[in-house]
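Trainee: Let's go through this one together, please. I'd like to learn how to read it.

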Amino acid sequence: MSRFRVRTPTVRLRRTVQLLVLALFLAVVLAARPQPGQRLPVWLESFFHLDPLIPVVTGLAAHAVQWAFLLSVVTVVVTVLLGRVFCGWFCPLGTVHTLVGRLFERWRPARQREHWHRGQLAKYYVLAALLVLALFGVQWLVLLDPLVILYRTLTVALWPAAQGGVESTATAIYQADPGVGTWRVTSVTEPVYRTVRDLLFVKQQQSFPNSGFVLGFFLFITGLNFVQRRFWCRYICPLGALLGLLAWRPWLVRKLDTGACNQCDLCGLTCHGAASTGPGTGWKPQECLGCLNCTSACAAGGLKFRWELPWRHGLAPERVNLSRRGMLEAAAGGVVAAMVLRASPQARGATFHPLLLRPPGAADEADFLARCTACGLCMKVCPTGGLHPTLFEAGLDGLFTPRLVPRIGYCDYECNACGQVCPTAAIRPLPLAEKKAVRLGLAAFDVGRCLPYAYGRNCMVCEEHCPVPDKAIYFAPVTVTGRDGVPTELLRPHVDPAHCTGCGICENVCPFKDQPAIRVTSANESRHAANQPILGSGSGYPF
């Protein structure tokens, strides 16, 4: 069948809205930047607060919901009235799927009519398993919620990649310094680069160690559009399933003039959600994305969307026909997944990963994982770029959740931005004075590498950078005799656990760039009483 494109005012309007919302989403991502000493605007989290799936799942898992999620009621009301227009008009990841699917059209065989397929029920079973999982205290939106996926991918993969490309190009031009005569290309490129660097990138050379996995997952789900247009939305997305259930009997319904319909099935050819069950007739409101392609494609004008009260429009309640066996299997899958995800000793609180330094204000690990969606917003606003997505440090349950990596960036003593922007309060918004008292971990010296211990050379870089007013690192004078028999006075540094907050700046500035001579581990973190080997608040350290 030849390719068929729909170009009518209503479809153009829908496409314009989609692109505008996607642009707004990108603008909100770019606007999330560190502003030391300033309160970050609440609208940075607004897209997440419009998502009704997040409060449902985190509410079941953590038994708490943020007031800001009342904004998701707007999405619920709109869906009840208009159907799944959120998926067809507003979802930014849905727009990306639309664009990628359109790109793949030229490599796909001639398009087939896309009628509803029973496989589309899979997303409802995914939703059921997700809800059962949440009942056991595990929320796993990290790989399932569309807004979370897109925001995290932009933050830790696509944007740093763009930054790296721009910086590499600018550096190459600067070093080559090409030109004509006395005129240099850098006279143009350098001002442009500095403007882009200062206005857009803000942080220098931002990169994330696990960004390849984040990007790989994003490419996988968008690559599914090669198999079928909007594959993710039709078969997997649990948010689409939740909205589909809410759109059981919408007030805006598709009406068919059977006298005008000639069974050409152009409506089925252009349907993004595969909502029709056959040529002309048969329409499942739960699957309809409200793209309006069907009405625009109908050459005979036989299809219209009209307002009608649900109890009057005569439309038989279209059930999604979920089987009892399928629901039981989904529930069983949720139970098994909960057992697997919480089976590790770390998940049970028996052990603590030494590198799992959570941001200040993070709840205890179980409650933190029940709330954190791994959206990446805290990583975006971290002024030092110290927050990074985990891979397996927190187990599969904590995939892509934030952790501090002092080797790359530290926790700024004067910053509490991560708690200000967390949409689910997995990181509590702490006043700055309270945040300064939170212990993320504890620093410890590797005396086999530390210069005053191992090589008889004085070094005080870590002590100089320690931001705690009373200094968590102090010196003890000692006299050592070198191989030439000459005694030397040295100042050996020590860590006072009563003052160390585990901010990681000492590890960050250590002269050893391969493996620092002072490292911060999760020991003594405030959020876990069982992970505090050094008790008491006094400074009665023996040195």
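Mentor: First, a definition: buried means under 20% relative accessible area, exposed means over 50%, and partly exposed is in between (1.4 Å probe, protein chains only). This is a predicted model, where local features need pLDDT of at least 70, side-chain atom pairs count only at pLDDT 80 or more, and totals for chains, interfaces and linings use all residues. Residues are numbered from 1 along each chain as its sequence is written, and side-chain values use heavy atoms, with hydrogens and water left out.

Trainee: Is V336 buried, partly exposed or exposed?

Mentor: Find V336 in helix 15, residues 324-341; helices are DSSP runs of H or I with at least four residues, numbered from the N terminus. Its relative accessible area is 48%, so V336 is partly exposed.

Trainee: How far apart in space are V336 and V29?

Mentor: In sequence, 307 residues separate V336 and V29. From C-alpha to C-alpha, the distance in space is 36 Å.

Trainee: How is helix 1 oriented to helix 8?

Mentor: The axes of helix 1 (residues 9-31) and helix 8 (residues 146-176) come within 11 Å and cross at roughly 55°. Axes are lines fitted to C-alpha atoms, for helices over the stretch in contact, and angles run from 0 to 180 degrees between N-to-C directions. Angles under 35 degrees count as roughly parallel, over 145 as roughly antiparallel, 65 to 115 as roughly perpendicular and the rest as oblique. Therefore helix 1 and helix 8 are oblique.

Trainee: What share of the protein's residues count as buried?

Mentor: The protein has 543 residues. Of these, the buried share is 51%.

Technical notes
Helix = DSSP H or I, 4+ residues; strand = E, 2+ residues; numbered from the N terminus.
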